[in-house]
Amino acid sequence: MDDGYRNTNLYQGGRETNQVSDDYRYQDGNYEGYAPNDGYYRGGDEPTHEEDAQSDVTEGHDEDDEVYEGEYQGIPHPDDIKAKQKKRAPAMDDEYRDRADLMAERMEDEEQLAHQYENIIEECGHGRFQWTLFFVLGLALMADGVELFVVGFVLPSAEKDMCLSSSNKGMLGLIVYLGMMVGAVMLGGLADKLGRKKCLIISLAINAAFAFLSSFVQGYGFFLFCRLISGLGIGGSLPIVFAYFSEFLSREKRGEHLSWLCMFWMIGGIFASAMAWSIIPHYGWGFSMGTKYHFHSWRVFVLVCSLPCIASLVALKFMPESPRFLLEMGKHDEAWMILKQVHDTNMRAKGEPERVFTVSYIKTPKQVDEFIEIQSSTGTWYQRWLVRITTTFKQVWDNVLYCLTAQYRMNTLMLAVVWFTMALSYYGLIVWFPDMIRYLQEEAYESQVKVFDEEEVSHFTFNFTLENQIHRNGEYKNDKFIGMKFKEVRFEDSLFEDCYFEDVTSSETFFENCTIISTVFYNTDLYEHKFINCRLINTTFMKEKEGCHLDFEEDNDFLIYLVSFLGSLSVLPGNIISALLMDKIGRIKMIGGSMLISAVCCFFLFFGNSESAMIGWQCLFCGASIAAWNALDVITVELYPTDKRATAFGILNGLCKFGAILGNSIFASFVGITKVVPILLASSALVGGGLLALRLPETRDQVLM
């Protein structure tokens, strides 16, 4: 290698602090001092290249057919330049060189590219292009936020529509996290091999298709499967979004604007809460086809929640691939064209269309991987696809293992612990808060129960609702129960003789140790399991109701929507503060400080014994913890090189979703039993993760490798 490559003097262009070699000093807007074979980009003052290497497609012309200064003029590919160098100087062919030497050369190339790319992005500026991409990727992130809330909002309605048991409800709540965990690892890894844009489109398409489909399927099994695959798609989009956007940002903008991007997760939560509040309680917003197919309001809500994903998918078709990724793949010309597009878009928006993109050549790293091109005549079509898929997944697996090599092992392990502890506490508490509020409501509801002892009723017609009552040792003879509802009603040690039940619906209603003689049940949902240790003598059940039949509009409690809405809204101050301070105080202090403050908020939950207190502490906890989430997203992007970035983010985000599954399961099991275990577990995890985060390397002054 040229000794000039190893020179690490200061880069004297728009910023004097950028570390690059003296071979590409930037003075007065021009890049000077490049040798034709140095592997770096040159300004418009360089000598004209050979005509046979010029590109008519990208060559710029004005009205007099003159070449613009700095326009791309068909500079040969870096591999072509190196081939000419090899002809002039004896060198060993790559196939005979040690792989370690090739990797060392690639790493050296990557370091040079990192500094050069930083300066190119600074020349392109931050403007209309980045803001357009910001909103497109923001919609994808918004879809992620929506997805986490969908199941929680539809469960109260879906459990009645599908007659879900407690175990079924729990599985439906966890299945989305399971899908997101698998999707983050799998699609995040593929994004480092197939491209950011392509894999993000695949992720969003999977999510949109199966989220849309889940609103129409009737059976619990199909609905569960659709939510699983939908979660797989949205889980894969998260690591790609941050890797994709970061590669269009300069060092000084990266921390702030990645933090602003995180606000779309909050917007997704607010959108889901508002839509649930305005749609689900309106049970009539649907239709039925016969007696088997029902499309209720909660299905309309699921359909509406797929809109951000669909909008992002459509808009993404008009955005380019990441040029940083293309350079890693050796696609110099495509990367140059995209960077020129970014530059020209921003300059036109700033009112400076005459500004010329001075970059004419960009360093591309040494290509070490062996790509096997399979001819169409080789084997059968499925054999060719099998080879391609196997090769791709082997490369993804190699990337996963690379994140655990000596160079990155400690950072990966520390980040894994921080991600896991943060997810265990945050997602566990996010589920625990509404469950605790619901438990407090149930306690208050049970305290108002009415008890009737030894009542005797005969020849009476019940055609109204009975709610929150206990009837003990009663006698009911020749009574009729017609067109009525039982809600939270228990009959204990009672006698029913010559009674008639017709068109009755019930919720949490049971008959215990009752004697039922010569009684007819017609078109009711009083099924066998609701009669506990009862004696049924000459009793007839005719035309039982199918499914679960309750007045959804009356039964839905809007408080769950209000709690989620306030929880999402409460992160707004934390988002703003973290965005403004991310590049000033650094990522490490942001993570450590946010997690420790969240632990303090969590500890004070011991004093929350009312609904309002629980809601208040939830808002404080969410607002304090969001800064740690934002900083984790930023530092994870910056700690890994471009060809491993999405893979590493996917692994860590997958571990995060595993922590969410554990947190949901553990915290939910202590609702109504004790507050001590959830609060101490969450606080301890946050303190431990926050202290460990302080040992991570600070990345705010590093270029994006």
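Figure 1. N575 counts as buried because its relative accessibility is 0%, where buried means under 20% relative accessible area, exposed over 50% and partly exposed in between, with a 1.4 Å probe and protein chains only. Leaving out residues up to four places away in sequence, N575 touches S259, C262, M263, M266, I626 and N630, a contact being heavy atoms within 4.5 Å. Residues are numbered from 1 along each chain as its sequence is written, and side-chain values use heavy atoms, without hydrogens and water. Because the model is predicted, local features need pLDDT of at least 70 and side-chain atom pairs count only at pLDDT 80 or more, whereas totals for chains, interfaces and linings use all residues.

**Figure 2. W629 and the nonpolar cores.** The largest nonpolar core holds 146 residues, of which F301 and W629 touch the most other members; such a core is a set of buried Ala, Val, Leu, Ile, Met, Phe, Trp, Tyr and Cys residues joined through side-chain atoms within 4.5 Å. Helix 3 provides the largest share of this core, 17 residues. When neighbours within four places in sequence are set aside, W629 is in contact with W419, M422, A423, Y426, Y427 and C656. Another core, of 20 residues, lies apart from it and has L466, Y476, F501 and C514 among its members.

Figure 3. The largest cavity has a volume of about 230 Å³, and the count of cavities of 30 Å³ or more comes to four. On a 1 Å grid over the protein atoms alone, a cavity is a set of points where a 1.4 Å probe fits but cannot get out, and lining residues have an atom within 4 Å of a point; grid points are joined across faces, edges and corners, and a volume is the space filled by probe spheres set on the points. The lining of the largest cavity comprises 17 residues, with L238, W265, Y427, W629 and D633 nearest its centre. At least two lining residues come from each of helix 3 (128-161), helix 6 (220-246), helix 7 (251-279), helix 13 (409-446), helix 18 (611-639) and helix 19 (642-668), and helix 18 gives the most, with four residues. By class, the lining divides into 12 nonpolar, two polar and three charged residues, where Ala, Val, Leu, Ile, Met, Phe, Trp, Tyr, Cys and Pro count as nonpolar, Asp, Glu, Lys and Arg as charged, and the others, Gly among them, as polar.

Figure 4. H459, a residue other than glycine, has a positive phi near 50° and is placed in the loop between strand 6 (456-458) and strand 7 (461-462). H459 counts as exposed because its relative accessibility is 65%. N473, also not a glycine, has a positive phi of about 55° and lies in the loop between strand 8 (466-472) and strand 9 (475-477). With a relative accessible area of 40%, N473 is partly exposed.

Figure 5. Where pLDDT is low, the predicted coordinates should not be read in detail.

Conventions:
1 Å grid on protein atoms, 1.4 Å probe; cavity = no way out; pocket = protein on both sides within 12 Å on 5 of 7 lines; lining within 4 Å.
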